[in-house]
Structure formats: structure tokens, C-alpha cells
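User: I am new to reading protein models. Please walk me through one, feature by feature.

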Amino acid sequence: DNSSTTPLGESITLSRPIVLGFSQLGSESDWRNANSLSIKEAAKEAGIDLLFENAEQSQKKQFEAIRYFIEQKVDVIAIAPVIQSGWDSILNEVQEAGIPVIIVDRVVDIEDISRYVTFIGSDFYEEGRKAGKYLIDKMAGTSDPIGFVELKGTAGSTPSIERGNGFQDTIKQQDKFVMLKSQYADFTHEQGRDVMRSILQEMGSEIKVLYAHNDDMALGAIEAIEEYGLEPGKDIIIISVDGTRKALEKMIEGKINFVVECNPLLGPNLMQVVNEIIEGRTLPKRIVTAESVFTEVTAEREVNNRKY
Ligand code: AHR
């Protein structure tokens with residue numbers, strides 16, 4: 001029995017489990033799969049009925065899932081949006097249906113932010129800054145030009161925009177860093193390998209640094225680098241984001257130099273917020289995930305603790 005009193009004295013009683021509709025954006029990476037699993041497990045643990053829809057990178061499919069949730073009269077809708085733009089009208093539909101919305105992981109860029117209750121997720125700009133700061137420290141001893149390649153994730157997605165901005169804003173203080181290429185590889189292992197393969201054909205050993213917006217793309221790029229006959233982590237410094245077990249294993253082998261953590265285990269936090277909304281509590285507009293970084297030294301210590 002979920003019953004309580006709101007701060008306005010309004011009493012809410014649900015004599016059945018809460019129903020949550022969650023629109024997941026896809027299954028492009030190990031991070032994403034860990035995120036989906038965390039949400040499913042946490043819902044079960046919290047006794048919340050979960051309607052889970054995977055949109056496979058399509059915003060249109062996310063709209064369809066959300067309309068289905070409205071039809072089903074779910075209590076709360078949570079959305080992990082594939083891209084930032086284009087959400088005004090669908091979120092208006094949800095608001096008119098009177099269903100509270102939680103934004104998870106990535107941001108929605110909308111005019112009226114009253115259309116969602118709160119946003120739970122990482123500070124992607126800060127992640128980009130951490131990557132940039134590492135590079136500045138790592139290259140402190142050299143004043144020669146350093147050519148770098150950036151593998152971006154999905155065009156128009158928050159992590160890609162902000163990880164790019166945070167990194168560029170940090171390294172631009174020093175003009176020795178020269179961007180050779182910046183290309184989208186959709187956050188996938190396959191694209192990371194294929195895009196890096198073609199960049200290597202063009203630029204070869206001019207490339208001194210690779211900044212990949214996630215581990216899956218970095219792991220794919222490592223395959224391409226080895227195939228090309230260069231040593232990842234030595235000939236090309238590799239910086240990545242997420243902190244998956246596979247990436248930490250590559251760090252231990254010396255093939256990745258630095259990983260900025262992005263935490264996918266948002267399930268427990270999401271369920272807590274769902275409960276608090278039903279209880280009528282007031283929530284902050286932004287809930288930021290706590291995150292650290294991994295170096296070659298800490299990877300060894302952490303690798304066996306990784307859940308994903
Ligand atoms: O939105 C989070 C990002 O999306 C993760 O860093 C990446 O691995 C995923 O695909």
C-alpha cells in the first residue's frame with residue numbers, strides 16, 4: 001500500500017504497485033546494457049511494475065513508447081532521450097495527461113522545463129574537462145604540436161555535445177594541441193573500429209592522441225590501431241569515458257591511458273525518485289551522479305569490482 005500526504009496536505013493513496021513506463025534509448029554500449037539492467041533490477045527490488053521499451057536509437061520510437069505509456073495510464077514516465085532536441089510537443093502531451101516525467105541520463109532541450117520533474121544523470125561537461133585536464137598533465141613535458149583525434153558518440157546527444165565542449169574548452173588554453181579529426185561513431189564498438197580505421201589510413205602516425213567519447217568506441221579503435229601496426233597506449237595515447245570492466249582490463253594491459261567514469265547504475269536512484277513523486281515530495285530539478293576517474297594505477301585495484 002503506497003499512501004502518504006503531500007507537503008500541501010493532499011493525501012495520495014495507491015492500493016496497488018506503482019506503474020513506471022521507461023523509454024530506454026537503445027542498447028549501443030556496455031554502459032547502456034548495464035543501465036537497462038540496473039533499472040530492471042531496481043524496479044523489481046522496489047516492487048514497482050516496469051513497462052520497459054527499447055527505442056533502438058530512434059526518437060520516433062521513443063515517442064511511440066511514451067504514447068503507449070499514456071494509453072496504459074502509467075503513474076510515472078521516465079525517459080532516457082537519444083538526442084536533446086525535439087521533445088517539446090511530446091512532453092506537452094504527457095503533461096496534459098497529468099503524468100509526471102523523469103529525465104534520465106541525457107538532457108532534453110525544451111522551452112518549458114516544468115514539463116519534467118527532475119533530471120538524474122552525469123555532468124558530461126565535467127567529464128570532458130577531466131579528460132582534457134589529464135591530457136594537459138600527460139603532455140606537460142612537450143612543447144611540440146600534438147595531433148589528436150576525437151571519436152564522438154551520437155550526433156545531437158548530450159554526452160557527445162558536452163564531452164566535446166568540456167574537453168575542447170580545457171585544452172584550448174594550450175595551442176600545441178591540434179585537432180586532426182573529430183568524427184561521430186555512434187558510441188558503438190563497430191563504428192569506433194571502422195571510423196578509426198579510415199582516419200588512420202588518412203593520417204597514420206601523425207595521430208598522437210585519441211579521445212573517445214566512450215569505452216566501446218575506444219575498444220573498437222584499439223583494434224584498428226593494432227591492425228595498422230601502431231601500439232595503443234604508447235604510440236597513441238588513449239583517453240576514454242565510462243569505466244567498463246573491458247576498458248579497465250585494457251588499461252591494465254597498457255592500451256588505454258585514462259578513463260573518466262560515467263556511472264550507469266541509476267536504477268536505485270530512479271526508483272527512489274519515483275516513490276518520492278508518488279508521495280508528493282518536492283525534488284531538486286537536477287540530481288547529479290557522483291563519479292571519479294581511472295588511471296593505469298587505479299584500474300588494477302578496481303577491475304574486479306566492476307559490475308559492467
Ligand atoms: O549517455 C551515456 C552514454 O551513452 C555512455 O557514455 C555511452 O557509453 C552510452 O552509449
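This is a predicted model: local features need pLDDT of at least 70, side-chain atom pairs count only at pLDDT 80 or more; totals for chains, interfaces and linings use all residues.

User: At what angle do helix 2 and helix 3 pack?

Analyst: Start with the terms. Helices (H or I, at least four residues) and strands (E, at least two) are DSSP runs, numbered from the N terminus. Axes are lines fitted to C-alpha atoms, for helices over the stretch in contact, and angles run from 0 to 180 degrees between N-to-C directions. Here helix 2 (residues 59-71) and helix 3 (residues 88-96) pack at about 5°, with axes 10 Å apart. Helix 2 and helix 3 are therefore roughly parallel. The classes are: under 35 degrees roughly parallel, over 145 roughly antiparallel, 65 to 115 roughly perpendicular, the rest oblique.

User: Which residues make the contact between helix 2 and helix 3?

Analyst: Two residues are in contact if their C-beta atoms, placed from the backbone, lie within 7 Å. Helix 2 brings F63, I66 and I70, and helix 3 brings I90, E93 and V94. By class, that contact has five nonpolar, no polar and one charged residues. Ala, Val, Leu, Ile, Met, Phe, Trp, Tyr, Cys and Pro count as nonpolar, Asp, Glu, Lys and Arg as charged, and the others, Gly among them, as polar.

User: How do helix 6 and helix 7 lie, parallel or oblique?

Analyst: The axes of helix 6 (residues 189-203) and helix 7 (residues 215-228) come within 7 Å and cross at roughly 40°. Helix 6 and helix 7 are therefore oblique to each other. The crossing is right-handed. A crossing is right-handed if the near helix is turned clockwise from the far one by less than a right angle, and left-handed if anticlockwise. Among the residues that meet are M196 and L200 in helix 6, and A218 and A221 in helix 7. The contact of helix 6 with helix 7 has nine nonpolar, four polar and five charged residues.

User: How many residues has the largest nonpolar core?

Analyst: In soluble globular proteins, nonpolar side chains tend to be buried together. A nonpolar core is a set of buried Ala, Val, Leu, Ile, Met, Phe, Trp, Tyr and Cys residues joined through C-beta atoms within 7 Å. A residue is buried if 20 or more other C-beta atoms lie within 10 Å of its own, exposed if 12 or fewer, and partly exposed in between, with C-beta atoms placed from the backbone. The largest core here has 44 residues, and L151, L210, A218, A221 and V259 have the most contacts inside it. Helix 7 gives the most to this core, seven residues. Another core, of 41 residues, lies apart from it and includes L25, W87, L266 and V274.

User: Where is T244?

Analyst: T244 sits in the loop between strand 11 (237-242) and helix 8 (245-252). T244 has 26 C-beta neighbours inside 10 Å, so T244 counts as buried. Beyond four places in sequence, T244 is in contact with D30, W31, D215, R306 and Y308. T244 and V303 are 59 residues apart along the chain, yet their C-alpha atoms are separated by 8.6 Å.

User: Is Y116 buried or exposed?

Analyst: Y116 is buried, with 21 other C-beta atoms within 10 Å. Y116 lies in the loop between strand 6 (101-104) and strand 7 (118-121). Not counting residues up to four places away, Y116 touches L91, V101, I102 and I103.

Terms used. Residues are numbered from 1 along each chain as its sequence is written.
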